[in-house]
Amino acid sequence: MPITVIIPTILRPLTNQQKHINLEGNQVSEIIDHMEQQYPGIKEKLVTGGNAHRFINIYVNDNDIRFQDGLATSLRDGDVLTILPAVAGG
Amino acid sequence: MNNALSDCTIAGPFKNAAAPFAATAFSLFYQASALGLKVIDNSDQNADGAFSFTFKAPHTKPVNCVITGWSDCAQPDAVSENIIQAACGLMSVHGRSSGTIQPLGLHYVSTVTAALALQGGIAATFGQLRGLALSDSHISMAAAALLSTSQYIADATVVAASENLPPGAGRSTAPPFVSADGVVFELETLNADPWLRFWMQLDISAALAGKGWTAFLLRYAKAVAPIPAELVSALAKLTYLDIAELCADTGMSICRVRTLEERVDNEHFKSEWLRGPWAFDFAAPHPVMPLKPASGSLPLSGLTVLESCRRIQGPLAGHSLALLGADVVRIEPPGGDPLRGMPPVSEGCSVRFDALNRLKIIREIDIKSPGGQEEIAELARHADVFLHNWAPGKAAQLNLDYDDLIRVNPALVYAYAAGWSADGGAYAQSPAMPGTDFMVQAYSGVAQKISQACGTRGGTLFTVLDVLGGIIAAQGITAALLNRQLNRTGARVTSSLLGAATLLCSDDYQNRHRFFGIATPAKSLLNQVFETEQGKIAIECCDDDTLQRLVQTLGLPADSRHKYLQQLGGLLLSKTATEWVAILQQAAVPAAVVAGNLNNLQCDSRLKPHLQPGSYTKVTSPWSFQ
């Protein structure tokens, strides 16, 4: 099940500067595990304590996984998984 | 009132400033009075194209401080508050959420300019005591405005490929919200969980709440918040009381948009206004106070500032001190501040982050660990300033409060850039009210002031209080450093977003209480943005003479305001904004093409001296010293 993962600039040093990666997986967590196998070190940038890191937003298509099933959010063929660091002010 | 600089004097034509500088002069008079300075009015020494004042401390030479409209003193284009707002992009950022480019409705640039000008005078005097021959300090309103928008300029000008921001930015139903009983209010949370719980209680689907969350986060980054209409409608069916109860149940925060009168008439807030936006607490005089000579040409060179701050207000304060020459050591968590990844990114770092932190030395320390706290205390032992913007109570939890650090370094200036209150009001302790820009705008009356001027529901998504809060934090620190040199005492200086809000409304307080011996700036006779054949033009006539020049130049009927406004709108459609600006500036009528795209600011020759092109456009120091 090919899923396209869009990598933010800040994480591209870990992915040999690749902006897009195609991976197989049925859940967001599987995709992250597969990414970790190919690009060691990326998982700790995305996951902490079994959840997505507070400062990282992960979208499946246009939907934030925090408002779905978190890392257990299921994926379908052709889905686009976007990783985006948080924005903040204050 | 404070007595931080009670031995110092400021002198200038505060009560008779030329119209474009009247709001700056008023704010300077207020700020200087609140700092305890002796204020001398020299109303006979006035010039049209600039505003000058002198700052003098005991045993130093007077520093001549000059404020101009543009950085180039010879630039003849007439200015005003709103002409600078138009030319420097403030109107554009403010207008993003409503879709209408218009003035902020505040003397914002004037207030920022006054704070920076006063800080320049204080810093130059401090530089004299440290061995520098500084006698002049210059700042322009344009430079002050560009510093205020530096993060937005960074975002707009980044050369690298743009990030894939989530969809939906643009015209929108931005907060504040309105309840069924007509109460206008802000919601706030820094976490997604309370947000989801709140909307689920209102039968909003998780997916829709998620889209709302994405939109909500865009407020800070892009000054837009395209909240789905379903969310706005759900709130419009409930009373404010019901919504407030729901917030309490789900961990969301709520604040209604209060009227300015509620604060102006309140005795507590009146006393905060009289004190000014800083609270100083001086340590006992120390017999051996270090006098570090300047190590470079800038007034704070050779001093060390230790900063543990997040987001905008605190980092901007540290950035200002770095622009004045200080070595700023920024403490970040192990692995670095996550906001370094905040899009857009260039050369491995968020440009919005870099705009406020590029001049700093980074130290990664775990402030939650005893070892990390010891390391910070050790760094503070040799520092001149410690600056943080932690949540209320956190400094004590970390054993890094004022009492902890002044013990290891009695000469330290300990600065807290807070959200709510400079002296820890009751609301400061309430976790239900996070002190963020938009909540403080709502609470303080600033949002209502903006809404009245702009015809919108609430305040601005341009982070006016974070920026001004950072500037007054740095200003208070600079005052405390000079006081340290004059009186051999360390100090705690606390400032806040709420204090910044009060500063922005100081004319309203003065109109109500008439405490200070100066009139508030007159309202402009004409202050509007018009469509032209190509582009928008901002025109401001601060006084009757200027208005008459406009009327004569354009051949408008002079007998009726209604008539000339009607004709003016139509007439301006016959030429481009650029052509009209040339005609009006020739007649000394303040006018500017409204900058819509911040990427174009670097093409304006009047702004170039403060913009440094590169992977993104950096805003350079607003001060020049001689």
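Visitor: In which sense do strand E1 and strand E3 of chain B pair?

Guide: This is a predicted model. In it, strand E1 of chain B covers residues 9-12, and strand E3 of chain B covers residues 50-56. Three bridges join the two strands. Their pairing is antiparallel.

Visitor: Which residue stands opposite Ile10(B)?

Guide: Look across to E3(B). The residue there that faces Ile10(B) is Phe55(B).

Visitor: Which strands of chain B stand at the edges of the open sheet, and why is one side of each left without a neighbour?

Guide: The sheet has six strands, with mixed pairing. Their order is E2-E1-E3-E4-E5-E23 in chain B. A strand with a single partner has no neighbour in the sheet on one side, so the edge strands are E2 (38-41) and E23 (624-625) of chain B.

Visitor: What angle does the direction of helix H4 of chain B make with that of E4(B)?

Guide: Helix H4 of chain B spans residues 108-129 and packs on the sheet. H4 of chain B touches E3, E4 (63-68), E5 (136-140) and E23 of chain B. With the direction of E4(B), the angle is about 155°.

Visitor: Are H20(B) and H21(B) roughly parallel or roughly perpendicular?

Guide: H20 of chain B runs over residues 464-487, and H21 of chain B over residues 497-504. Their axes lie 8 Å apart, and the helices pack at about 100°. Angles of 65 to 115 degrees count as roughly perpendicular. Therefore H20(B) and H21(B) are roughly perpendicular.

Visitor: How many residues of the contact of H20(B) with H21(B) are nonpolar?

Guide: H20(B) brings Leu465(B), Asp466(B), Leu468(B), Gly469(B) and Ile472(B). Across from them, H21(B) brings residues including Leu497(B), Gly499(B) and Ala500(B). In this contact two residues are polar and one is charged, while the nonpolar ones number eight.

Visitor: Which helix gives the most to the side of domain 1 of chain B that touches domain 2 of chain B?

Guide: Chain B divides into domain 1 (9-161 + 261-513) and domain 2 (177-256). Here 16 residues of domain 1 of chain B are in contact with 14 residues of domain 2 of chain B. With four residues, the top giver on the domain 1 side is helix H18 (residues 437-444) of chain B.

Visitor: Which element gives the most to the side of chain A that touches chain B?

Guide: In total, 20 residues of chain A are in contact with 28 residues of chain B. Strands E6 (63-64) and E7 (80-85) of chain A each give two or more residues to that side of chain A. With three residues, the element that gives the most is E7(A).

Methods:
Residues are numbered from 1 along each chain as its sequence is written. Chains are lettered from A and ligands numbered from 1 in the order in which they are written. This is a predicted model: local features need pLDDT of at least 70, side-chain atom pairs count only at pLDDT 80 or more; totals for chains, interfaces and linings use all residues. Two residues are in contact if their C-beta atoms, placed from the backbone, lie within 7 Å. Domain bounds come from an automatic or database domain assignment. Two strands pair if DSSP finds at least two bridges between them. Axes are lines fitted to C-alpha atoms, for helices over the stretch in contact, and angles run from 0 to 180 degrees between N-to-C directions. Angles under 35 degrees count as roughly parallel, over 145 as roughly antiparallel, 65 to 115 as roughly perpendicular and the rest as oblique. Ala, Val, Leu, Ile, Met, Phe, Trp, Tyr, Cys and Pro count as nonpolar, Asp, Glu, Lys and Arg as charged, and the others, Gly among them, as polar.
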